[in-house]
Amino acid sequence: MVLFRMELMRTWYGPSDGEVEEQVNDRLSFSRFAGLGMADEVLDSTTLCRFRGALVKSCVYDRLLLEVNRQLASRHVMVTTGVIVDASVTDSPRRPRGQKEYEVAEDRHEDEGADTANARLVEKPRPGVDTEARWVKKAGKCHFGYKRHTVVNQNGLVIAEETTAANGSDIKHLATPLEKAGLKQGTPVMADKGYDSLENRDTLSRMKLKKRIMHKAQKNRRLTERETAVNKAISKVRYAVERTYGSMLRWFGAGVARYVGLAKTHAQHIMEAFAYNSYRTPGIIVSNCIE
């Protein structure tokens with residue numbers, strides 16, 4: 001628990017592992033939050049790094065988020081009458097730079113008992129480049145990194161996260177985060193027109209969830225008045241997920257990958273969800289008490 005609280009503080013305030021160790025040693029508020037007394041020894045940054053790696057290897061981050069959300073729901077903080085699905089790009093600073101370099105490799109094939117060598121070009125791996133990240137063009141700009149597919153409730157609290165390479169299509173990644181969320185039957189699912197496809201509507205029907213996907217105009221087919229009205233109604237509710245992404249960016253410096261690899265970036269996304277939900281919880285409790 002001490003290590004997890006240190007990891008949460010690292011996500012909140014953005015320091016490195018070593019800086020978190022120094023802050024817990026130096027600041028009474030940090031040490032109290034970590035659950036350490038004046039005479040307790042602070043765990044070093046290496047232990048914190050190994051702890052994070054063990055959680056990533058065990059693939060427990062999604063289950064931890066689900067358990068914390070269950071506790072919030074038991075205290076009537078995580079109330080879910082509908083969910084919103086959206087995606088956002090997390091840029092990786094470990095992008096490839098310069099021109100690609102190739103080396104000649106030889107493939108040996110057996111042809112009627114005789115060996116023949118065929119030369120082919122293989123791209124050289126470049127040091128410092130995140131090989132699991134991919135390029136995507138969004139709003140006219142090219143991004144290299146990953147994409148987070150997020151499910152939030154009507155208050156913007158994060159219910160589930162799914163992480164893919166940046167070139168992962170939104171249309172193809174709707175079912176997985178919804179399955180992680182474990183929603184009740186009949187829960188309305190709202191999404192923008194980027195998720196509008198027959199496959200996704202069939203997926204929601206199969207999961208017995210209410211379809212609230214914005215309609216997309218097709219070639220030689222304009223939206224009807226009813227479809228336009230539905231889009232306007234959904235857009236008035238979808239602001240919650242945009243607020244969640246904007247708040248994570250402003251408060252925790254989200255949107256930039258701190259680690260290398262898909263699994264570690266997914267762990268970062270989950271920790272940002274922890275940080276956001278815990279940051280918003282006091283305000284929601286006060287609001288519920290006033291109501």
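## Helix α1

Leu 3, Phe 4, Met 6, Glu 7, Leu 8, Met 9, Arg 10, Thr 11 and Trp 12 are the buried residues of α1, where buried denotes under 20% relative accessible area, exposed over 50% and partly exposed in between, with a 1.4 Å probe and protein chains only. The helix is thus mostly covered, with nine of its twelve residues buried. Helices are DSSP runs of H or I with at least four residues, and strands are runs of E with at least two, numbered from the N terminus.

This is a predicted model, in which local features need pLDDT of at least 70 and side-chain atom pairs count only at pLDDT 80 or more, while totals for chains, interfaces and linings use all residues. Residues are numbered from 1 along each chain as its sequence is written, and side-chain values use heavy atoms, with hydrogens and water left out.

The end C-alpha atoms of α1 lie 17 Å apart, which agrees with the 16 Å that its twelve residues should span at 1.5 Å a residue; the expected span is 1.5 Å times one less than the number of residues. Gly 14, with a positive phi near 80°, follows α1.

## Contact of α1 with α2

Helix α1 (residues 2-13) and helix α2 (residues 17-26) have axes that come within 10 Å and cross at roughly 110°. The two helices are therefore roughly perpendicular, a class that covers 65 to 115 degrees, whereas angles under 35 count as roughly parallel, over 145 as roughly antiparallel and the rest as oblique.

From α1, Met 6, Met 9 and Arg 10 meet Asp 17, Val 20, Glu 21 and Val 24 of α2, contact being heavy atoms within 4.5 Å. The residues of this contact comprise four nonpolar, no polar and three charged.

## Aromatic pairs

Nine aromatic pairs occur in the structure; rings of Phe, Tyr and Trp (its six-membered ring) pair if their centres lie within 6.5 Å, with planes under 30 degrees apart counted as stacked, over 60 as edge-to-face and the rest as tilted. Trp 12 and Tyr 13 form an edge-to-face pair, because their ring centres are 6.4 Å apart and their planes stand at 70°. Trp 12 is buried at 17% relative accessibility, whereas Tyr 13 is exposed at 56%. Ring pairs join Trp 12, Tyr 13, Phe 30 and Phe 33 into a cluster.

Terms used
Axes are lines fitted to C-alpha atoms, for helices over the stretch in contact, and angles run from 0 to 180 degrees between N-to-C directions. Ala, Val, Leu, Ile, Met, Phe, Trp, Tyr, Cys and Pro count as nonpolar, Asp, Glu, Lys and Arg as charged, and the others, Gly among them, as polar.
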